[in-house]
Each structure stands twice: as C-alpha cells, then as structure tokens.
Amino acid sequence: MTDPLDPGSDVGLYVHWPYCARICPYCDFNVVRDRGRTEEQAGLVEAILTDLRAQRDLTGPRRLASIFFGGGTPSLMAPDAVARIVAAARDLFPPAGDIEITLEANPTDAEAGRFAALADAGINRLSMGVQALDDAALRFLGRDHSAAEALRAVDLARRAFDRLSIDLIYARPDQTPEDWAAELTAALALGFEHVSPYQLTIEPTTAFGRAFARGTLTPPDEDRAASLYETTQDVLSAAGFEAYEVSNHARGPAARSSHNLHVWSGGDYLGLGPGAHGRLTLDGVRTATVAHRRIADYVAGVSGLTPWCERDAQTPVDAAEERLLLALRTTEGAPVALLSPLGLSAERAPVADLIGDGFLMLKAERLIATERGRPVLDGVLKALLT
C-alpha cells in the first residue's frame, strides 16, 4: 500500500544565503558579516543559478515541491535576486500547482521595507526571526532589532503575506515559566499561523559557548528547562496550535510548513549556496550532498561543476536511520517499514520496550513518539538506534 505521507519524486529546494548584519552569539550556522560584500553577493547569486541548472541535469525532470530561503539572513537579499532564483526553479522543475515559497526574515525596519518587494518576487510565506519581545532579552541574544521594531515589522508583514511564522527563543538565563507564558501569549496575539519556539542551545563554537566555558553564562537547569517546555506546550495548545513537530506548532494542518514536512518525510531536496545540505536520489541511490562552506570555494566549485565538498551515497541502513530520526519528531511518526533495514522490529526490544514504557506507540502502521516520549526524544532515539 502506498504511504499517504510519502513525498514521492517531487523535489524541494533549499537556498542558503550566508550574510548577516550581525553574528548572533548563539549562532553556529555558516554565516558571515554582510558589510562591503556587494560584488561578492552578485557573484554568489549567479553561482546559485548555475548550481541549480547543474543539479537539474543530474536529477532529470522532477516537479518542484517547495522553496525555502534560509541563512544567514535572506531578507538581506536583493528582491530581484530572489525573483530570479524563484523563476529559474519554476522553469527547471515545473510544479503541479501552487507551492509554498518561504523566506526567513529579520524584523528590522530596513528589512521590513523590502517585504512588499519580496512578495512580488514570489515569496508567499515569511518566517520572522523575532526571537524575543523584550528589549533586554534581545540585547542578550545579540539581535539587531528592538521589540518596537519587531511589532512594526509584523504589521508590514501582515500587509504583504497571508502566511506568517514566528521564531522565538526560550530557556534564557533567569527566565521563569510565568515570564515565558506572558511573552508567548503576547506573540500569539500578533496573529501568526505558525510558531517555532526553540530552547536556547549552547554550542561550544559560539560566543555563548565560550561564555559558558568561562562560567559567565548559566543556562536554566534541567528542571527549569523542562518546566519551560511544558509551559510552551500548554500555552500553544490552549491557543489552538498543534505541535506537529517537536519545535514547530501550527494553527491547523493548512498552517504547517509543507517544505519542512517534505524534508522530514524523506523527500528529495536540492541544497544551494555555501554549506547547504541536500538529499537527492541519483541513479536510484539516496545521496547526501554538502556544498563548500566558504563562499569563494563554493563559487569556484560551481564554475568547475563541483559545488559539493561531500557527495555520499547512503546505504539502505543510513537512509532508513536518517528518515526515522526526522520522522519521529513529527506527530505522523515513521512508517514501521523503516525498522526492517535497521534490524529492528516492533515485537522485540528495544522498540517493544519503548512502546511498553509509553514512549512510543504504533498506529496505522506508523511508529509515533507519544506525549511522554517527545520531551525526551533524544534519549528515545539513542535507545532505539544504539
């Protein structure tokens, strides 16, 4: 029987724009400062377009599932560059109908002034990196905008886009569940259809990681972090949002990100831009790709038709494990058929034990993380795959 959640042969498109006005202290993405790079950015746009055409030659005819502009800060892109990439993608991979085209944006006054032009360029869903609605918290997070700027940007975004998502960071030092509940409630009042609340993660290579190592930054302890997570679920659920993925909540199925669902369900997607990851089925083999991280290396590689620093054919075990890791983060879960390539069975340990203990459940031939399992999913996956 065909899996109703199987993404089929359609291909998504992820475009990585690595430029930021400021590097946030918690960020470990592949980013650089934006200033004084106009000529380099123009060259990168041409390289992305060349890369897109070259990957179309590899994949052959496919339908376009979705486009996602991430970064970095793609709202710093020239709208005409966005329009060129969208038009080229539609031409090379004609979609069957309307598709989701998302762009991540920072809510500064300068970038908000581009929202109408970005909508004209083909963007139909805006993901806004507000991160906090408190000025002290925004300064701590190294953000370039104030809470007042964020509110002005949201107002402009509502005029340009029907679909809006907001990113928020919680589990900040000294944050209480009561403070977070109030902040989250205020964010929901702005009218977003989609909310992505992320617990602050301290990565060793970031400014926050170095501060943590020095002992000058103390994140919430495990109990406080768990309480903040529970507050997140309670507030969003009461407001009519479903946690369709561990860190993504939507006001009904139509508000879910179709691009993210395509990726989480194992769909093919092209990664374009410096450091971008992709997953492609080439000659019947699931293939993981990673583009050169340095901008100059990526541009040079594209001109020589070698944009990737890594191109690895996944074994059936690797592909099944990756899909299981992603799918268990969603409310739909993973097809039970993915267990077989991993030497697992729902009738034997460790899967049977995790089901018996209430961390996983079986429903309609799918393995799904329960409400008890989702908060400790990393531990569940470790038990499952080791």
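Leu384 is located in helix α14 (residues 377–385), helices being DSSP runs of H or I with at least four residues and strands being runs of E with at least two, both numbered from the N terminus. The model is predicted, so that local features need pLDDT of at least 70 and side-chain atom pairs count only at pLDDT 80 or more, while totals for chains, interfaces and linings use all residues. Residues are numbered from 1 along each chain as its sequence is written, and side-chain values use heavy atoms, with hydrogens and water left out.

Contacts, defined by heavy atoms within 4.5 Å, link Leu384 to Leu324, Leu328, Leu344, Pro350, Val351, Leu354 and Leu360, when residues up to four places away in sequence are not counted. Between Leu384 and Thr50, the C-alpha to C-alpha distance is 41 Å, and the separation in sequence is 334 residues.

Strand β4 (residues 64–71) is largely enclosed by the rest of the structure, because eight of its eight residues are buried. Pairing of strands requires at least two DSSP bridges between them. Strand β1 (residues 11–17) runs parallel to β4 and is joined to it by seven bridges, with Gly12 opposite Ser66 of β4. Four bridges pair β4 with strand β5 (residues 100–105), likewise in the parallel sense, and Ser66 stands opposite Glu100 of β5. From β4 the chain passes through helix α2 (residues 79–92) to β5 in a right-handed β-α-β crossover, meaning that, with the strands pointing away from the viewer, the path from the first strand over the helix to the second runs clockwise.

Note on methods: Buried means under 20% relative accessible area, exposed over 50%, partly exposed in between (1.4 Å probe, protein chains only).
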